[in-house]
Amino acid sequence: MWLWPRIARSFSSVKSVASGNYVKRMKVLDNWKINDSAVASQFETSEMVLMIDQRPLIVKSPEGPRLFVGTTQRIREALDDFGLVVSIRNSVLLDALPDEGDKCKALFGCSVLTLEPPHDSRISADEPRKRLAGVLGASLIPLRLAMLTMPMEQDRNWVARMQSLTKWSKIYNYCPKCSSLLRMRQSKSGASCGQCNRIYYPTVSPVAICLIRDKENEHCLLVRHLASMNGIFTTVAGFAEAGESLEEAVRREIAEEVGIECEDVRYMGMSQAWPMPNSSLMSAFSAVASRTDEKLISFHDSLSPPTSSTTPGGSAANRYSKPSAARSAIVE
């Protein structure tokens, strides 16, 4: 993992939708996931979020970028003028939103790709993308930047789900057991094999990400990868391997990446879906360096709590209502 994402402070703060009967909505959503005819009947009257060339469509707000949500009909009309198609085939089911009375309305995510001109061409695809977004009164930002800067957890979850399900549904076409062609659900929540009657679901990779501090709690270890954006620091993170706990993954990754042995590994009660490079679930930890190590000062960027910032352009705690887990861990 390259960047530390913005994460909600605890599970208790998660609010997928501000209003509506949660239990009923989840039952409706579950039915839409497995019932192709039911979810197809919802598509034309649904709400939709859009991603073009892995750039989510967003609108600006005082708190930060918010995910653009419009009717499927409106988005289809806008894309049709640019020769782009919106259908249930290139869309994924994201959520069941509360509607009038006790009804629910489906929320889909549509991901479309444009044709990139040759590298030696003077024509750029950026201008048509900007005009398309402008028609809807919105703008486009890169996927990674959206995951780092959108202040609302629900927006980040929808983007992560859209990217993960879209990518999985395009790759997972054949049965791993018998090689038969799989039948993908309209919701993109699963695929079934007619030959061996197996059902396959999108895979999620567990990831541990950890803030390393000294025993005096005066300094923490942050590193900057060569591929990172300017001004962005990251903590050590990595995928959990077969047969190890997340706590073990933390210690191993820290030893492998920075050569430091750690103790007192603690789960911070924070997690976030992260869609890059594939679908991951990141769990946040803190750990204490077992001994005073010059690497905390000499070989890596080390920031003290009063001066650290995990987002470009200022303090995450001041800019957004839900600070990143990295920022929260440093302050605490």
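Accessible areas come from the Shrake-Rupley method with a 1.4 Å probe, and for residues only the protein chains shown count as cover. By that method the protein has an accessible surface of about 16900 Å², and 52% of this surface belongs to carbon and sulfur atoms. This is a predicted model, so local features need pLDDT of at least 70 and side-chain atom pairs count only at pLDDT 80 or more, while totals for chains, interfaces and linings use all residues. Residues are numbered from 1 along each chain as its sequence is written, and side-chain values use heavy atoms, with hydrogens and water left out.

Start with the whole chain. The protein has 332 residues, and 47% of them count as buried. Buried means under 20% relative accessible area, exposed means over 50%, and partly exposed lies in between (1.4 Å probe, protein chains only). There are nine helices and 16 strands. These are DSSP runs numbered from the N terminus: helices are H or I with at least four residues, strands are E with at least two. Now look at contacts, meaning heavy atoms within 4.5 Å. Among those between residues at least 6 apart in sequence, 66% join residues at least 24 apart.

Next, find strand 6, residues 104–112. Eight of its nine residues are buried. Strand 6 pairs with strand 1 (residues 47–52) in the parallel sense, over six bridges. Two strands pair if DSSP finds at least two bridges between them. I52 has V112 in strand 6 as its bridge partner. Strand 5 (residues 91–98) runs antiparallel to strand 6, and seven bridges join the two. There, P98 stands opposite C104 of strand 6. Strands 5 and 6 form a hairpin with five residues between the strands, and G101 takes a positive phi near 65°.

Now turn to charged side chains. The whole structure holds 14 salt bridges. A salt bridge is a side-chain nitrogen of Lys or Arg within 4 Å of a carboxyl oxygen of Asp or Glu. In one of them, R76 meets E44, with the closest N and O atoms 2.7 Å apart. R76 lies in helix 3 (residues 72–80) and E44 in the loop between helix 2 (36–42) and strand 1, so the pair ties together parts 32 residues apart in sequence.

R66 and D155 form another salt bridge, again with closest N and O atoms 2.7 Å apart. R66 lies in strand 3 (residues 66–67) and D155 in helix 6 (residues 153–171), so this pair ties together parts 89 residues apart in sequence. R66 is partly exposed at 31% relative accessible area, whereas D155 is buried at 2%. Finally, E241, E244, R252, E253 and E256 are linked in a network of salt bridges.
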